[in-house]
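Hi everyone, thanks for coming.

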Amino acid sequence: MSWKIIEKNRRLLSREEGFSPKRRGGKLTVCLVYPNRYAVGMSNLGFQSVHALLNEEPDILCDRAFLPDADDLREYRRSGTKLLSLESGEPLGSYDIIAFSVSFENDYLNIPVIFDLAGIPSLASERRPAHPLVMAGGAALFLNPEPVADFLDLVCVGEGEELLQPLLELTRAEGIVERESFLAQAARLPGIYIPALYDVSYDGVRVAGRRAGHGAPEQVARLMMADPDRRESVSGILTPDTEFSDMYLMEVSRGCPRGCRFCAAGFIYLPYRQRSLDELKRQAVEGLARRGKIGLVGAAVSDHRDIGELCRFILEQGGKVSVSSLRIDRLDDGMIEVLKASGHKTVALAPEGGSQRMRDLVRKNLTEEQILAACDLLIGHDILNLKLYFIIGLPTETMDDLEEMGALVGKVRERVITAAKKNRRLGEIVLSVNPFVPKPFTPLQWCGMEDTASLEKKLKYLQQAVGKLSNVRLIAESPKDAYLQALLSRGDRRLSAFLLRSAELGSWKRAAREFDVDTDLLVYRNIPLDETLPWDVIGSAGVDRLRREYLEAFPRREAVIVS
C-alpha cells in the first residue's frame, strides 16, 4: 500500500469543510465514485447531493472515490495499491456497493480504468457474488446507459432524491447477498434498469430487437422529483481544490422551459421545476456564512420567476452572485448591475446558431436584433468583455450560415471597439465554438453528426475570418473529441468492448480502428424515424413531440433516410 496516496488523501480531507466522515462497522457500505478527477467531481452538485443523501441514512456509510490524476495513477501502478476510497482509505473491492455518478458521456472511458485499478472485473457477467454490487446514475445514464450497460448490475434512471429511498428499502428488506433475486426484485421498482434482464439483437449497426425477461418492464420510466423544495442541492462540502472554490453553489431550478431542439436538458428533466424564493433565500443565508459568493446553478437560471429578487437579496446580505447561464432575452439593467456589483468583467451569451436560419432550426427563438440589443445593454453598463457560444455543424448548415456568423461577430466587435475607445480601455470578444453532437431524447437525435474533416474546414474558415479582427479570439472544441462524445451518446451496449480496449491501449482512436462495428456509421448516419434506438429502453412520454419537432425542423422530410 502506498503511503504517498494515503497522505495525499488525508491532505484533501483536511482542506474540506462541512462533512465529518462516519466510521465503518455494522453498516451497509457504499463507495460513490465520480469517474473523473477530484476537482471535477467535487464541483458537481449531483454527486454532492447523492453523497449527502446516502450519509443521512444512519445504517449506511458512503465514502467517495475518484479517478486518480496522472501522478497518482503512476503511483498506484508502481506500488500495486488497489484504488482507495477518500474517507476510509479502504480498497473499493471491500465495499458492499460501488455507485458511479456519471454526468458526461466521455467519462465512460474512465470506468474500465477504475475497475482495473480496483482489481474488480469490468464486466458484470465476470464478477462473483463476493464482488461489490455495481450501480450507476447521473445525467449521462438518463440519456443512454447502453455503452456501459455490460459493466453495471443496476442503473438508476432519474433523480436520486426520488429513486434511492425505495431502492434502499429493498436493500434493507432483502439484502444483496442473493444477487440474482435482489436484481429481479429491483427491476420492478420505478426508474430501475437491470441490463442483464434484457436480450438485445443487432443487424449490422442497427438494434434489431430488444426483449425484457424475468418480469422486467419493456421500457424503464425516468423518475423525477416532483417537489423541488423537498430537498436542497447545494455545496455540502467546500474545498479549495475545485474550480469553484470561492463560491457556495445552489441549484435554483431543474430542466429548461425553452426546448431548444439540440439540448437534452430541455427534454430529459421535464417538467421544468423552480425552487421557491423563500427556500432559496434560506439556502443563500447559509451559504454566505461559508463563502462570500453564491453560485446559482441550473440549465435556465435567468428564467427563474424570482431571479431578480433573489440576486438583490444576496447583494443586500453582503454577498456576490455568479450565474451558470443567462438567456439573451432575459437580460435587463437590474441583472447587469448585479453582475457588475459581483465583480463580473466578462458575460457569456449563447446565440448558438450563427445565422437566423440556424437559430430558427434549433428553435432558439432569438433574432439578430435581440442579440445586438443584449450586447448594447452590456456595453452600455461598461462590460466590454463578451463570450459568445456558437454551434457549428448543425444539420443543413452551409458556408452561408458561417458567413452570417462572421458578420454578426463583426457587428458586436464594432460596438465593443467604439465603447472601448470612449472608455480608453480594451474590450475582448471570445468566440467559443463547439461542433453539434446529436443527443438522445432531443428532436435532433435522428440526425447524424457532420464528419470531422468538414468540421475542421469550417473551423479553419472561422479562424481565418476571426484572425483578421483585433480584439476577437476563437476557442473551439476539437471535432475529434466531439466525435467521441457522439459515439458514446449514440452507441449501443456493444461499445463495452470498445471501452475495455480503449483502457488497455490508452487510446480510444486505436480502439475504434479495431472495433467490430463501424464507428463512423454510428456517429455520422441519419437514423430512420421508425428504427429502434439503443436508448429506447428508457421510456419517454414525449416521443411524439420529438418526432413532431423533428418534422417541423425539416418540413420537407417525411422520414430520415440512412446516409
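Let's start with D241 and R15, which form a salt bridge with their closest N and O atoms 2.8 Å apart. By salt bridge I mean a side-chain nitrogen of Lys or Arg within 4 Å of a carboxyl oxygen of Asp or Glu. D241 sits in the loop between β9 (220–221) and β10 (247–251), and R15 in the loop between α1 (3–14) and β1 (28–34), so this pair ties together parts 226 residues apart in sequence. The helices (H or I, at least four residues) and strands (E, at least two) are DSSP runs, numbered from the N terminus.

A word on the source: this is a predicted model, where local features need pLDDT of at least 70 and side-chain atom pairs count only at pLDDT 80 or more, while totals for chains, interfaces and linings use all residues. Residues are numbered from 1 along each chain as its sequence is written, and side-chain values use heavy atoms, with hydrogens and water left out.

The cut-offs are under 20% relative accessible area for buried, over 50% for exposed, and partly exposed in between (1.4 Å probe, protein chains only).

How many salt bridges does the structure hold? The count is 51. Another of them joins the side chains of E146 and R493, at 3.1 Å from N to O. That pair links distant parts of the chain, 347 residues apart: E146 is in the loop between α6 (139–143) and β5 (154–156), and R493 in the loop between α17 (479–490) and α18 (495–505). Both E146 and R493 are buried.

Now the backbone. Most residues other than glycine have a negative phi, and most peptide bonds are trans. Still, the bond from L270 to P271 is cis, with omega near 0°, and P271 lies in the loop between α9 (265–268) and β12 (273–274).

F441, not a glycine, has a positive phi near 65°. F441 belongs to the loop between β17 (429–435) and α16 (452–467) and is buried, at 6% relative accessibility. N471 also has a positive phi, near 65°, in the loop between α16 and β18 (472–476).

Last stop: β7 and β8 make a hairpin with 2 residues between them, and G204 in the turn has a positive phi of about 65°.

Notes. Pairing = 2+ DSSP bridges.
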